[in-house]
Amino acid sequence: MIQGALRLLLIATLAMGLGLGADEIERLEVYPSTVTLASKRSQAQLVVTGYLANGETRDLTHDVEVTTEDAQVANVLNGVVLPIGNGDTRLNVRFDSQTVKVPTSVTHQAEPDPICFNTETQAALTKQGCNAGSCHGSPDGKAGFSLSLFAFDSEHDLISLVRDGANRRVNVLDPDASLMLKKPLLRIPHVGGKKLRPTDAAYQVLRQWIFEGAKPDPPESALCTNIEVYPSPHRILSAPHLKQQIRVVAQFDDGSSRDVTPLATYGTSNKNVATITPAGLVKGRERGQAAITVRYLQYLESIYFTIVQPVPGFEWEDQPEHNYVDQLVNAKLRQLKYLPAETCQDSTFVRRVYLDLTGLLPTAVQAVQFSNDQSPQKRDQLIDHLLETESHARFWALKTADLMRVNPKLLPDGRAELLFDWIRDNYRENLAHDRFAYQILTASGDSNRAAPANYFCTTKSVEELTEMTSQIFMGSRIGCAKCHNHPFENWTQDDYYSISAVFARVEQEGAMVQVSGAGEKMHPRTGQVMKPWGHDVSPDIDEVSDRRIGFANWLIAEQNPFFARVEVNRIWSHLFGRGIVDPVDDFRSSNPPSNVELLNALADDLKQQGFDRRHIIRTICRSQTYQRATNTTLFNADDSELCSHMPLRLLTAEQLQDAIGYVTSTLPDASARQGDADALRGQFEQEIDLFPHSQADWEKAFLEEAATAQLGQTSWFSIGPFRQGNYEETRKQDFVPAMSTMDTTLQHHGKSWQSQPDWNDDEQIDFSGSNTAYYVHRSLQASQAMEVMLHLKGDDGVTIWINGEHVFEQSKSFLDQQIPLLLYKGSNDLLMKVTNGGGAFYVHYNIPDKDGTTHIPDIVTRSAENRTMEESQLLQGIRITARPDLVALQRKIAKLMDRDAFATQRPYPEQTDFLKAFGQPERESPCACERASEPTLDQALQMLNGQEVQRRIEQGVATLSKQEPAEFIDQLYLAAFSRHPREKERATAEAYLVKSANQEEAMKDLMWAIINTQEFMFQH
Amino acid sequence: MRSVTTSLLLLVLLGISPLRAEVSFMRDIAPVLQQRCTGCHGAKKAKGNYRLHTFEYLKEAIVSGEPEESDLYLLLVEEDAESRMPQDDDALSPTDTELIRQWIEGGATFDGENPSKSFASQAFPRTHPSPPAVYRVPVPIMAMAYSNDGVELAVAGHHEVTIWDPESGSLLRRLSGLPLRIQSMSWTPRGGQLVIGGGTAGEYGELALIDAMTGERLKVFDTFEDLVLGIGLDKQGKQLAAVSADRTGRAYDLESGKRLWTSNVHSDWATSVSFSPDNCFIISTSKDQTVKVLNATDGALFTTFNGHRRNFGDFPGRFKVFAGCFDPASGLAMSVGEGKAIRIWDPIKVKEENGTAGDMEQRFFKAGHTRYISHGFSGPTFALAVDADSVYTGGSDGLIRAFEFTSGKQRLEMSGHQDWIYTLTLSRATKRLATGAHDGEVRVWDTQDGTLIESFMAAPGYPVREDTSSD
């Protein structure tokens, strides 16, 4: 790949050196090299290519002179060979002094050649746009006339054309009186306008088909199996030679083939760059790249065109090339005559790379440190360092979690956090991307524990799961193929249901995900049972195996065309604000990559490095391309996709909120916290490491105490009633947060805790109200760690937390149950929520045996090797809770690790007004587009006088007000822009602060002004 | 007005050259505008803010007497291909352009009925070409009618009606020079004449009375904006009703030809029309999934039968209705279309059951009085016929089934058609049923035992198909 690019460069250099001489055609080539016309209506489009000395090509199809040696056999008109009579002859294709002879054979001219409905009439209807989604191909048709979208259902279309509407649309005796010709010819009013001309190839087909009786095809008719497009896959057209004829050949299942150039449907991905005529002649326009799409029936191919135009005054200037990324980006820039920008300054780079890799601004200290660092490798070192941080793992996990709908509405009971943490751990440990995908796609079990199984809990149907998986891992929006063949891609309805069949046996109920041995997916139209996708890749997968394994193996296989490309493209888009293929989840041949060589090189690199995502991020960040300035010149200002310069990017909602947090000093330094947490964790682990030394003593003491173990209970507190809509909503809503230590002096939703000294164990406690909830709380004093059995009776919903940990939940129906409670030595806080749907409303609470069960002493009695892993962990937990110093340490670490205050670091979106305004997704869709990127008025209002900004400025100035003006200004600029203020900025700011009567107000003004600058809100 | 029409027709029939001093707007110009201009400049679209579908609008593009100052003419002869009208299409023929020039020069007078209504709604009756001498391919049989004595069978053809001996399948005569398609026809009670309804899809409908011997058009009752799909005669032969794909239903006095009323109650094509035995009501079936019951005297809506669009109860679904008729004995109405059952219902009870909006919810759960005869066909059913005790129907399965009217039991099944059946006609006199299919084949059956009497391709000159009646 790299070599290819270098070769291109070489070619370009040579071409310039050779000057005009390079313009001469060295060799003439005619495609096809032999012509066979085996039926009356067959024809052959010639494509004549001239090869220049410098390796460039030029289309000469319409510049050559073609003669036929035997005019009784064939005739050539505008590059198209037409049959005259049976026989063999040769075409002489001449350009200047060169002639190519094309043997031509014509047969079957005496036999009829009736129109084939499935392969010709349908193609003609598609070509004229009759069955497009906006016309008669829409689900209900238009004006009472309905066709299947792009002709995927011939049976339906035949009825519509010939029989529906009292046979009004065709007239076999007088074809010209047929409504289906008169309407598009606009011989009578047609809302869709003029769609057909008598000179169109499609007109001849449609008219002839009607003339021949408007009949369906005989049952044995050949079906199209593929199309072949020439030239393919790529052509460069350099001004002034901006034309290229295309030839399309359809292949059929009886081994025959037919030139369908006039009947194929053509499109362009960018009509400013290249357009194509109905006859398949491409015309280059502005410089750039475009995909020309060729559709014939359900087959779709694309040819990528690069249009090169002269740019007056352009002269290539070298920029350093750090790795293959730069080489490939520059090759493309050079070809299309754009200049790469110079490398950005350190202050820009440090801010850019921190934001991209961690979501956070560098702190003032970090910014200064970096600019003072004299090491020539300091950029690479910083990239390496940031990739190892907790912030990086969390911020990039956020990007993945965005796509997997990680939100507590879909994944309640802490499962959203669980899945996020699992994704974060994958980034933290840099788990290979193929393993990551495999684990997700084959996960099952209780998703309260098996984190990746939650992937299967966010969708409501197999179809949704199919579409989400395709979009995330294959970058393909195959949703269209649910109802019909995909209009712009080769995905057919068969493919869609074949992928669905992979998930047909996944059973999900509540938090449980299981794979059953039965369950099929039927094709909705044909009723056929679909073979699961990937079946042929893993043929050893038998009927009873998990079908997802076959699919996952297909997906992560080396040769999979999507998987690696989709991932590197996502990474690229996170770093440049735009994918090489954009939108990132819309890979299709009609949406070409802006630099296919680059995309392929990155994907190959990912695969060669064992799907090491971090390696790709590092490679890109180290490139000069990534480190380019945002400044533009005349020679690259209008480039938006080739990465000649870095685009200005508005900070994402989360980045912006945290950036404001840093600048206003209302967020602690995340990296410092991580350092502190790491230190404390080390201390904690040291202590734990000491446990084995004293284990025997501890066990002995424990067993001694166990003999006299006692449980005491405080009297009850209660709070309520609470209510939120219906029963289920009330039951699910947390009105009182479960804490490890409950504080009964706090108020919740305007209600206070009430002491209930009269409530006794083994007596019914009554409440009142329907669809309401109460919380009750008491402390259980255990003389020693123990497990007791709580005998609970109740009506409707009960949830129990011990020490803030969720231990029991019963949603509805009568309850009479023994619930084991694990209590630690000392005070244990019990919190119980009772919810009532209607009728009786009570709980009946009793712990009959207050000595604790023999469960824990039993474990202790056993020798260490006879304990299960869980039992050993339980004992360790008990030992820790008996040590107040360790418990305190644990809390401290948890507090430092808690990043809920950071929008970029949270497990799921907070969805505040501010974040919503800046496009934070709710995580309800697997589409990257759910993150809105359009600027809105609301954003301006939020920045100018929104509560979030106001609050943070108030708080910030309150803590910073002791700073001297000069220091305040310097710190502010460093925090916001990662640079010192310029002399003029400093002077203006200082003058403002000094002059102001109210210093604090002036500081607020200054902070507000800084936050509202473009330099702050954008990533440069 | 009628006399003007007739005289104009006469002029045309006499073959007078089109370039004559007196140009008739409605005859010479309006059809050209309709075909070539109103697609972009009409009721639905008004490109460049021009509408040319009514005379009121057209006037804005004309300076009377001055073709060289009239946009209408100038844009037709514009030299710049991009600006010339019709845009992006072939130019008008020199003859048509010249006619327009002459008409403007001559004062641009409007000879239609209503300058503010579309030309299509007041089209002059067209003259029709002759049918082909020999049919290269058969055309689908859209309409048939037994003569009152059952001796002749009239079959709709291409620009003609063909008259056959139903017992032998031999062609008796051809009534030519008729509309392109004939979708519905009926002999008059006195015989000797046929009422035909048809036209050209999408642009023209015609309702005419023709001489059954010569084919001469005795009277053109009316023109429509789209095909006439159904006609019906009352039992005394006084009144005639016709419904069209232009959604209207209209009634005429058969004798005078006077239009009695026009009804606009359907939101899609009206597909068939039928008088009740007491001549009080007519029912009009439609693609809009309803059957409308109208007062025969004034066309006022009496009630709507919604039994073809039900979410609950028997045979739920939303179905287009293609055919309807009355049982002469009981006076009950019948209707059929998509879906798998014939609905039998009483218009008066339907009105009672339809009730008011207030009790709608309760009504959903009431079964109503409607009876259903399941015909068991898989696709749409287009035709319905009824005699003394049986109801006959047939459709896309190519099968005809007869059911006992009172019990709903299947009495006969007639198979043999190779294609969709579009039309059925009964002869009480000869106890025959004739059926016409998409492939052009007509079959004649004995209504007593369902045996096939004759089958033939109703396409003059078309090679006779090998007899397939034995299979």
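**Helices of chain A in their setting**

Tutor: The domain assignment divides chain A into domain 1 (26-111 + 229-308), domain 2 (117-211), domain 3 (346-386 + 565-645), domain 4 (432-556) and domain 5 (710-851). The model is a predicted one. Between the C-alpha centres of domain 1 of chain A and domain 2 of chain A the distance is 28 Å. Where these two domains meet, 13 residues of domain 1 of chain A are in contact with 12 residues of domain 2 of chain A.

Chain A contains 31 helices and 38 strands. Its C-alpha trace extends about 115 × 75 × 60 Å along the principal axes. Of the 1020 residues in chain A, 54% are classed as buried. Taking the contacts in chain A between residues at least 6 apart in sequence, 68% link residues at least 24 apart.

Consider helix H7 of chain A, which runs over residues 346-358. At 1.5 Å a residue, its 13 residues should span 18 Å, and the end C-alpha atoms lie 17 Å apart, in agreement with that expectation. H7(A) is mostly covered, with 11 of its 13 residues buried. The buried set consists of Ser347(A), Phe349(A), Val350(A), Arg351(A), Arg352(A), Val353(A), Tyr354(A), Leu355(A), Asp356(A), Leu357(A) and Thr358(A). Just after H7(A), Gly359(A) adopts a positive phi of about 85°.

Helix H11 of chain A, residues 415-428, can be treated in the same manner. Its 14 residues should span 20 Å at 1.5 Å a residue, and the separation of its end C-alpha atoms, 19 Å, agrees. Buried in H11(A) are Arg415(A), Ala416(A), Leu419(A), Phe420(A), Trp422(A), Ile423(A), Arg424(A), Asn426(A) and Tyr427(A). In an α-helix there are 3.6 residues a turn, so residues three or four places apart point the same way. The partners against which the buried residues of H11(A) pack are helix H10 (390-403), helix H12 (433-441) and helix H18 (613-622) of chain A. Just after H11(A), Asn430(A) has a positive phi of about 55°.

Two helix pairs show how such elements cross. Helix H13 (residues 462-473) and helix H14 (residues 493-503) of chain A pack at an angle of about 105°, and their axes are 9 Å apart. H13(A) is therefore roughly perpendicular to H14(A). On the H13(A) side the contact involves Val462(A), Glu463(A), Leu465(A), Thr466(A), Glu467(A), Thr469(A) and Ser470(A), and on the H14(A) side Tyr496(A), Tyr497(A), Ile499(A), Ser500(A) and Phe503(A). Sorted by class, the contact of H13(A) with H14(A) comprises 6 nonpolar, 4 polar and 2 charged residues.

In the second pair, helix H20 (residues 670-706) of chain A packs with helix H23 (residues 869-881) of chain A at about 95°, their axes 10 Å apart. H20(A) and H23(A) are therefore roughly perpendicular to each other. H20(A) contributes Phe684(A), Ile688(A), Phe691(A), Ser694(A), Gln695(A), Trp698(A) and Phe702(A), while H23(A) contributes Leu875(A), Gln876(A), Ile878(A), Arg879(A) and Ile880(A). By class, the contact of H20(A) with H23(A) has 8 nonpolar, 3 polar and 1 charged residues.

The individual positions requested are taken from chain B, which is divided into domain 1 (2-122) and domain 2 (144-457). The centres of these two domains of chain B, taken over C-alpha atoms, are 38 Å apart. Contact between them joins 8 residues of domain 1 of chain B to 7 residues of domain 2 of chain B.

Ala201(B) sits in the loop between strand S6 (193-200) and strand S7 (204-211) of chain B. Its relative accessibility is 6%, so Ala201(B) counts as buried. Beyond its neighbours within four places in sequence, Ala201(B) is in contact with Arg168(A), Leu179(A), Ile188(A), Asp226(B) and Leu227(B).

Ser390(B) belongs to strand S24 (residues 390-395) of chain B. With a relative accessibility of 0%, Ser390(B) also counts as buried. Not counting residues up to four places away in sequence, Ser390(B) touches Ala385(B), Phe403(B), Phe405(B) and Arg411(B). Ser390(B) and Arg411(B) are 21 residues apart in sequence, and their C-alpha atoms are 8.0 Å apart in space.

Methods:
Residues numbered from 1 in each chain as written. Chains lettered and ligands numbered in written order. Predicted model: local features only at pLDDT ≥ 70, side-chain atom pairs only at ≥ 80, totals over all residues. Heavy atoms only, no water. Helix = DSSP H or I, 4+ residues; strand = E, 2+ residues; numbered from the N terminus. Expected span 1.5 Å × (residues − 1). Buried < 20%, exposed > 50% of the residue type's maximum accessible area, 1.4 Å probe, protein only. Contact = heavy atoms within 4.5 Å. Axes fitted to C-alpha atoms, helices over the stretch in contact; angles between N-to-C directions. Parallel < 35°, antiparallel > 145°, perpendicular 65-115°, else oblique. Nonpolar A, V, L, I, M, F, W, Y, C, P; charged D, E, K, R; others polar. Domains from an automatic or database assignment.
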